[in-house]
Amino acid sequence: MQAIPPSESLIEYPSDFPIKVMGPTHIDFAATIVQVVQKHDAGFHEGKMEVRPSAKGNYTGLTVVVRATSREQLDALYTELSGHPMVKIVM
C-alpha cells in the first residue's frame, strides 16, 4: 500500500470516525469488538457503538465511532478487525 501524504488525506486528525463491522450473531460479538477497538482507541466505550441485528437475526452489524488520531492507527484497527475470526466485513 502506498503512503498517502497528509496533505492529500480526506480525513482530518484527530476526528471521530465511524467504522462498520459485521459478523455472525454471537452472544460475545459486541463485547469482543469493543475489546479490539479499545486496543487502538483507549477512550472507546460501548456508548460509542450502535448494534443492529440483520432481518433474520443471523448477523449482527455494529457501527463503532473511534477517535482517529492517525492513518496508521486506522490501518492497524482495520487490519485487526478484518483478521478477527468473528468478523465477516469491515467498512
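This report covers the nonpolar core and the salt bridges of a predicted model.

## Nonpolar core

The largest nonpolar core holds 20 residues. Those with the most contacts inside this core are Ile19, Val21, Ile33, Val64, Val66 and Leu81. Two or more residues come from each of β1 (15-24), α1 (29-40), β3 (59-68) and α2 (71-83). The biggest share comes from α1, which gives 5 residues. In soluble globular proteins, nonpolar side chains tend to be buried together.

## Surroundings of leucine 81

Leucine 81 is among the core residues with the most contacts inside the core. Setting aside neighbours within four places in sequence, leucine 81 is in contact with Ile19, Val21, Ile33, Val36, Val87 and Val90. Of these partners, Ile19, Val21 and Ile33 are also listed among the core residues with the most contacts.

## Salt bridges between elements

The count of salt bridges comes to 4. One of them joins the side chains of arginine 67 and aspartate 16, with an N to O distance of 3.2 Å. Arginine 67 is in strand β3 and aspartate 16 in strand β1, so this pair links distant parts of the chain, 51 residues apart. Arginine 67 is partly exposed, at a relative accessible area of 33%, while aspartate 16 is exposed, at 51%. The cut-off for exposed is over 50% relative accessible area, and aspartate 16 is classed as exposed because its value is 51%.

A salt bridge also forms between the side chains of glutamate 80 and lysine 39, at 2.8 Å from N to O. Because glutamate 80 lies in helix α2 and lysine 39 in helix α1, the pair ties together parts 41 residues apart in sequence. Glutamate 80 counts as partly exposed, with 25% relative accessibility, and lysine 39 counts as exposed, with 61%.

Arginine 71 forms a salt bridge with aspartate 75, and their closest N and O atoms are 3.2 Å apart. The two residues are 4 residues apart in helix α2, so about one helical turn separates them. Arginine 71 is partly exposed, with a relative accessible area of 29%. Aspartate 75 likewise counts as partly exposed, at 28% relative accessibility. Side chains of opposite charge can pair when their charged atoms come close.

Note on methods: Residues are numbered from 1 along each chain as its sequence is written. This is a predicted model: local features need pLDDT of at least 70, side-chain atom pairs count only at pLDDT 80 or more; totals for chains, interfaces and linings use all residues. Side-chain values use heavy atoms; hydrogens and water are left out. A nonpolar core is a set of buried Ala, Val, Leu, Ile, Met, Phe, Trp, Tyr and Cys residues joined through side-chain atoms within 4.5 Å. Buried means under 20% relative accessible area, exposed over 50%, partly exposed in between (1.4 Å probe, protein chains only). Contact means heavy atoms within 4.5 Å.
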